[in-house]
Amino acid sequence: MMRKRTKYGRYALNVFAGFGLVYLFAPIFFIVAFSFNKPKGNFNIAWQSFTFDNWLHPFAEESLTRALWKSIEIAAVSTLISTILGSLIAVALSRYKFRGSGGINLFLVLPLTTPEIVLGSSLATLFLGQNFIDFGMTTIIIAHVMFQVSFVALTVRARIRGFDWTLEQAAQDLGATPLRTFMKVTFPLILPGILAAGLLAFALSIDDFIITFFNSGPVQTFPLQIYGASRVRIPPQINVLASMILFLSVAILMTGTIAGMRKSAEKQATAKKFKLLHRK
Amino acid sequence: MTAMVVRQNRIARNADRVGLGAMIVASICLVVLGTRLVSGPMVSVIVLTLILDLVGVLVLATRGGPEARRLLAPYGLLKPGMLWLALFFLAPVWSLIRISLSTKESRFSVNYDFNWAFQNYTKAFSDFGSQFQRAFLYAAIATVLTIAIGYPLAYVIAFRGGKYKNILLGLVVIPFFTSYLIRTIAWSTILADRGFVVRAMNAVGLGNVFEWLNIMENGKLLNTPTAVIGGLTYNFLPFMLLPIYVSLEKIDVNLVNAAGDLYSSATRAFRKVVLPLSIPGVFAGTLLTFIPAAGDFVNAQFLGNPNTTMIGNSIQDQFLKQNNYPVASAMAAVLMVSIATLVLMYTRIFGTEDLA
């Protein structure tokens with residue numbers, strides 16, 4: 001009797017988790033499905049008929065495409081800056097023991113525990129007080145770097161936590177200059193962590209709405225364009241572009257996972273070989 | 001001559017104090033310059049201090065020998081990022097508080113006088129008190145719901161995922177690769193009055209039950225508090241699920257087996273072993289969900305009605321539409337301080353070290 005009940009409990013939990021996944025995917029199915037819709041009028045919200053037109057002309061909405069490119073441009077620049085700044089912080093925090101590191105750790109978490117609307121509006125008050133800076137690309141990039149830095153620093157730090165810094169000493173004992181040590185030993189080893197953090201920062205920047213909304217001035221990024229247009233019209237191209245971004249990210253994610261799997265399989269294989277060698 | 005060498009050595013040995021001090025001084029200089037706290041000749045004094053500060057550290061690093069360089073290195077690595085945060089995170093908070101205590105010179109003026117205008121705060125509370133309440137209430141309910149949905153899902157993936165673990169985890173994250181706004185707009189269409197969900201509910205007769213439970217209002221789902229809370233729950237679910245998954249994944253299955261060997265029932269093993277070990281994940285997830293949810297205005301705007309606006313809507317409206325910066329800043333400051341207080345209390349009660 002006891003056994004049976006736990007078994008039913010098991011199924012119930014799995015079914016619940018299945019429903020959870022359906023819930024997560026509900027709007028995604030909707031977005032992808034409606035990218036094949038041929039809407040009547042300005043709003044792509046009621047199903048009419050199936051068409052490939054939207055996918056054949058994904059860039060037909062010129063303002064939308066322009067906004068998307070602007071977002072990519074902003075994300076590229078801000079990611080580059082924030083990845084450099086954040087990685088330097090992460091290396092400092094995990095490589096050295098130093099006075100004040102506790103305070104710096106706390107300070108890094110602060111931007112993450114502040115609501116976006118406070119970050120956005122407070123930065124806007126700073127820019128309002130200056131007369132030599134206009135709202136636009138510069139202010140958006142500054143804002144994005146500001147919230148990306150903490151994310152990058154914490155991600156990179158978590159990724160290089162187990163890094164063996166004595167490798168650097170070994171390299172230097174073998175006669176490498178500090179620069180050469182960094183280029184040949186340290187950098188290649190921490191690069192995966194930096195790349196992962198960079199991807200995260202890029203995704204955060206391209207999707208940011210609230211902070212950008214306060215600091216954009218006349219510039220329209222992709223989310224801002226959708227927000228502005230949503231009251232007047234929702235063209236199916238929004239769904240097409242959103243689906244494209246989705247499929248692209250899934251592709252990147254999958255290559256990452258497969259590469260990771262292959263690597264761990266390789267590691268296991270070498271470990272096996274090593275064990276066999278020692279058994280002999 | 002020897003006295004000077006001794007002094008130089010002492011500075012070199014305490015290079016870490018110098019490095020930390022220099023970083024703090026430089027940050028303060030930037031905050032002062034950024035918020036335009038000083039004017040006229042004082043500006044050049046501050047700029048000069050900043051330059052001397054940075055040059056001084058450089059001189060110490062080049063002339064202090066390897067030991068001083070090693071002590072200074074972390075501060076050198078930290079400095080660019082920290083100064084960026086000082087100028088574009090600390091200084092803005094300062095200027096936000098300053099503007100929240102200022103009044104406009106006249107209705108159409110762009111200049112503000114700082115005069116300890118606390119009436120901005122009384123206005124923020126009296127006019128927007130219900131928005132504050134709703135923001136915290138909705139965010140709290142949404143946080144509880146994300147735990148209710150996220151925990152079982154994370155549990156199943158972590159303990160029953162087997163070799164599909166990574167794929168399942170990927171499935172959970174994939175929906176959030178589409179834009180936040182597009183997802184929310186999609187929900188507004190799904191929940192629309194003539195949409196699939198509402199029709200299906202009425203067809204099976206659930207409509208009346210939901211009406212009775214106050215989940216639906218007048219046969220509507222869109223533009224109700226339910227929709228707003230549902231949207232918040234959906235959009236912030238991964239922030240809850242991922243930290244819980246990370247903490248569950250770390251648990252050694254042998255511990256659970258050991259509990260079973262010692263004749264503990266499955267529920268008891270869960271309560272006494274798995275749950276306590278996963279609390280840090282729930283803790284981190286709660287912060288990561290509650291904080292953005294309390295400041296959000298997108299869900300309330302697309303899924304709510306004028307009676308479900310949250311404080312984020314009011315700040316946005318006062319700041320960007322009414323150009324009433326003082327009151328908007330006062331509301332933002334109150335939101336910031338109350339969330340900081342809540343976080344502090346929460347860490348005191350459930351205190352864990354690995355927040356980050």
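Q: What are the ground rules here?
A: It's a predicted model: local features need pLDDT of at least 70, side-chain atom pairs count only at pLDDT 80 or more, and totals for chains, interfaces and linings use all residues. Residues are numbered from 1 along each chain as its sequence is written, while chains are lettered from A and ligands numbered from 1 in the order in which they are written.

Q: How many residues does each chain put into the contact?
A: Chain A gives 64 and chain B gives 66. In contact means C-beta atoms, placed from the backbone, within 7 Å.

Q: Which helix of chain A gives the most to the side that touches chain B?
A: Helix 1, with 14 residues. Helices are DSSP runs (H or I, at least four residues), numbered from the N terminus.

Q: And what classes are on that side of chain A?
A: 46 nonpolar, 15 polar and three charged. Nonpolar is Ala, Val, Leu, Ile, Met, Phe, Trp, Tyr, Cys and Pro; charged is Asp, Glu, Lys and Arg; the others, Gly among them, are polar.

Q: Which residues join helix 6 of chain A to helix 4 of chain B?
A: Helix 6 of chain A uses Ile142(A), Val145(A), Met146(A), Val149(A) and Ala153(A). Helix 4 of chain B uses Gly81(B), Trp84(B), Leu85(B), Phe88(B) and Phe89(B). That contact has nine nonpolar, one polar and no charged residues.

Q: New topic. How many residues of helix 7 of chain B are buried?
A: Nine of the 11, so helix 7 is largely enclosed by the rest of the structure. Buried means 20 or more other C-beta atoms, placed from the backbone, within 10 Å of its own.

Q: Which ones?
A: Among them are Arg183(B), Trp187(B) and Ser188(B).

Terms used. Contact = placed C-beta atoms within 7 Å. Helix = DSSP H or I, 4+ residues; strand = E, 2+ residues; numbered from the N terminus. Buried ≥ 20, exposed ≤ 12 C-beta atoms within 10 Å, placed from the backbone.
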